[in-house]
Amino acid sequence: MTDSISPLPAADCAICPRLADYRRDNAGAHSDWFNAPVPCFGDPQGQLLIVGLAPGVTGANRTGRPFTGDWAGDLLYETLAKFGFSSGRYDRHIGDGLRLQNCMITNAVRCVPPQNKPTGPEINNCRPFLRARIDSLPRVKAILSLGRISHESVLRSLNVKLKDHAFAHGAVHDINGLALYDSYHCSRYNTNTRRLTVAMFEQVFATIRDDLAIA
Ligand code: URA
């Protein structure tokens, strides 16, 4: 268990100088945006934790809720609703009244990175917050990693060797009783190039829903 670290970095977290500078730049240009480490969203008693990459600049960094306000969120929240992991209607802002059921969403990196690309040290710096989040969920049985960076950061959080669990879309890894599911990230790029189709993404959620129902 991680007992000394909060799952939420301080609003003025300065551990990653490049990300703190970028947050400040965005705050200067858009003082009405959130512009801080984005907290997790969802059910603290949930069995499923979804781990994305990092906030999008005009998505979660603007609205203050993971995946809220950008294309990736449109697909993710629609899919969560379809598979029974939410109630209410997603509407691209934090006041939409949406509630997640049996699931929580976080990111491997909590601050928006320039060009959507966190560096290795930034991913490492943010990992204690990811580990603290995993540790804080008393009923967690499944983690869904969206993309390889999330997958590798989750494995490192769980002190598991990367070489024993290669990332592959649709793969399910047993990590000492915790199931780690992999999906390609639901980014606009991946869906536009059809690396990830809606059917592929839904299949991952169908598997998770069925596995949780029988566990
Ligand atoms: N928004 C997020 O919060 N995370 C992602 O990985 C992508 C978009």
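Me: What counts as a polar contact here?
Reply: A polar contact is a pair of N or O atoms. Within protein, one atom must be able to donate a hydrogen and the other to accept it. The pair must lie within 3.5 Å.

Me: With which side chain does the side chain of arginine 65 make a polar contact?
Reply: The model is predicted. In it, a distance of 2.8 Å is found for this side-chain pair. That is a polar contact because the cut-off is 3.5 Å. The partner of arginine 65 is aspartate 96.

Me: Is arginine 65 buried or exposed?
Reply: Arginine 65 sits in the loop between α2 (60–63) and α3 (71–82). Residues touching arginine 65 include Val38, Phe41, Tyr77, Tyr90 and Leu98, leaving out those up to four places away in sequence. Its relative accessible area is 5%, and the limit for burial is under 20%, so arginine 65 is buried.

Me: Which residues are around the ligand?
Reply: The ligand sits in the largest pocket. The residues around the ligand are Gly52, Leu53, Ala54, Pro55, Gly56, Ala60, Pro66, Phe67, Asp70, Asn107 and His185.

Me: What percentage of the area that the ligand exposes when taken alone does the protein bury?
Reply: Taken alone, the ligand exposes 230 Å². The share of this that the protein buries is 94%.

Me: What is phi of phenylalanine 67 near?
Reply: Phenylalanine 67 lies in the loop between α2 and α3. It counts as buried because its relative accessibility is 6%. Its phi is positive, in a residue other than glycine. The value is near 60 degrees.

Me: Is asparagine 159 buried or exposed?
Reply: Asparagine 159 follows α5 and is placed in the loop between α5 and β7. Its phi is positive, near 55 degrees, and the residue is not glycine. Its relative accessible area is 67%, and the limit is over 50%, so asparagine 159 is exposed.

Me: Which residues of helix α5 (residues 148–157) are buried?
Reply: Cover for the buried residues of α5 includes β2 (48–52), α4 (120–136), β6 (142–146), β7 (172–175) and β8 (178–183). The buried residues are Ser150, His151, Ser153, Val154, Leu155 and Ser157.

Me: What is the relative accessible area of asparagine 61?
Reply: Asparagine 61 lies in helix α2. Leaving aside neighbours within four places in sequence, its contacts include Asn26, Trp33, Phe34, Pro55 and Val112. Asparagine 61 is buried, and its relative accessible area is 0%.

Me: How many Å separate the C-alpha atoms of asparagine 61 and serine 157?
Reply: Asparagine 61 is in α2, and serine 157 is among the buried residues of α5. Along the chain the two are 96 residues apart. Their C-alpha separation is 24 Å.

Me: Which residues does threonine 191 touch, not counting those up to four places away in sequence?
Reply: Threonine 191 is placed in helix α6 (residues 188–192). It counts as buried because its relative accessibility is 15%. Its C-alpha is 28 Å from that of arginine 23, 168 residues apart along the chain. The residues threonine 191 touches are Trp71, Leu75 and Leu196.

Me: With which residues is arginine 139 in contact, leaving aside its neighbours within four places in sequence?
Reply: Arginine 139 lies in the loop between α4 and β6. It is partly exposed, with a relative accessible area of 41%. From arginine 139 to glutamine 101 is 13 Å, C-alpha to C-alpha, and 38 residues in sequence. The contacts of arginine 139 are Gln45, Gly46, Gln47 and Asn102.

Me: How many Å separate the C-alpha atoms of aspartate 91 and glycine 69?
Reply: Aspartate 91 is in the loop between β3 (86–87) and β4 (99–100). It is partly exposed, at 35% relative accessible area. Glycine 69 is 22 residues from aspartate 91 along the chain. The C-alpha separation is 8.1 Å.

Methods:
Residues numbered from 1 in each chain as written. Predicted model: local features only at pLDDT ≥ 70, side-chain atom pairs only at ≥ 80, totals over all residues. Heavy atoms only, no water. Helix = DSSP H or I, 4+ residues; strand = E, 2+ residues; numbered from the N terminus. Buried < 20%, exposed > 50% of the residue type's maximum accessible area, 1.4 Å probe, protein only. Contact = heavy atoms within 4.5 Å. Near = heavy atom within 4 Å. Areas by Shrake-Rupley, 256 points an atom, 1.4 Å probe, with all protein chains shown as cover. 1 Å grid on protein atoms, 1.4 Å probe; cavity = no way out; pocket = protein on both sides within 12 Å on 5 of 7 lines; lining within 4 Å. Sits in = over half its atoms within 2 Å of the grid points.
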